[in-house]
Amino acid sequence: MIKNMAWNTFKKTGNIDTFLELMEVENIEKNMKVNADGNCKNEGNHYCGK
């Protein structure tokens, strides 16, 4: 979704910096999702797995 928004913004404005910034936001969101999924394991007394 962000990728489409970034591409449409770039097409309208021609500003590559805006496109790159939005793509970076998408990468950050993906990394946050991976980290959140990877930190939630059924191990020990951690509340996340219960």
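Author: The secondary structure of the protein chain comes to 2 helices and 0 strands, where helices (H or I, at least four residues) and strands (E, at least two) are DSSP runs, numbered from the N terminus. This is a predicted model, in which local features need pLDDT of at least 70 and side-chain atom pairs count only at pLDDT 80 or more, while totals for chains, interfaces and linings use all residues. Residues are numbered from 1 along each chain as its sequence is written, and side-chain values use heavy atoms, with hydrogens and water left out.

Reader: What makes Glu26 count as buried?

Author: Buried means under 20% relative accessible area, exposed over 50%, and partly exposed in between (1.4 Å probe, protein chains only). Glu26, whose place is in helix H2 (residues 16-39), has a relative accessible area of 13%, and therefore it is buried. In the protein chain, buried residues make up 12% of the 50 residues.

Reader: Which residues does Glu26 touch, not counting residues up to four places away in sequence?

Author: With contact meaning heavy atoms within 4.5 Å, Glu26 touches Ile2 and Lys3. Glu26 and Ala6 are 20 residues apart in sequence, and their C-alpha atoms are 9.6 Å apart in space.

Reader: What makes a set of residues a nonpolar core, and which residues form the largest one here?

Author: A nonpolar core is a set of buried Ala, Val, Leu, Ile, Met, Phe, Trp, Tyr and Cys residues joined through side-chain atoms within 4.5 Å. The largest has 5 residues, namely Ile2, Ala6, Phe19, Leu22 and Met23. H1 and H2 each supply at least two residues of this core, and H2 gives the most, with 3 residues.

Reader: Why is the pair of Trp7 and Phe19 called edge-to-face?

Author: Rings of Phe, Tyr and Trp (its six-membered ring) pair if their centres lie within 6.5 Å, and planes under 30 degrees apart count as stacked, over 60 as edge-to-face and the rest as tilted. By this rule the count comes to 3 aromatic pairs. Trp7 and Phe19 are 6.1 Å apart centre to centre, with 75° between the planes, and form an edge-to-face pair. Trp7 lies in helix H1 (residues 2-13) and Phe19 in helix H2, so the pair ties together parts that are 12 residues apart in sequence.

Reader: What makes the pair of Phe10 and Phe19 tilted?

Author: The ring centres of Phe10 and Phe19 are 5.9 Å apart and their planes stand at 50°, so this pair is tilted. At 23% relative accessibility Phe10 counts as partly exposed, whereas Phe19, with a relative accessible area of 18%, is buried. Ring pairs link Trp7, Phe10 and Phe19 into a cluster.
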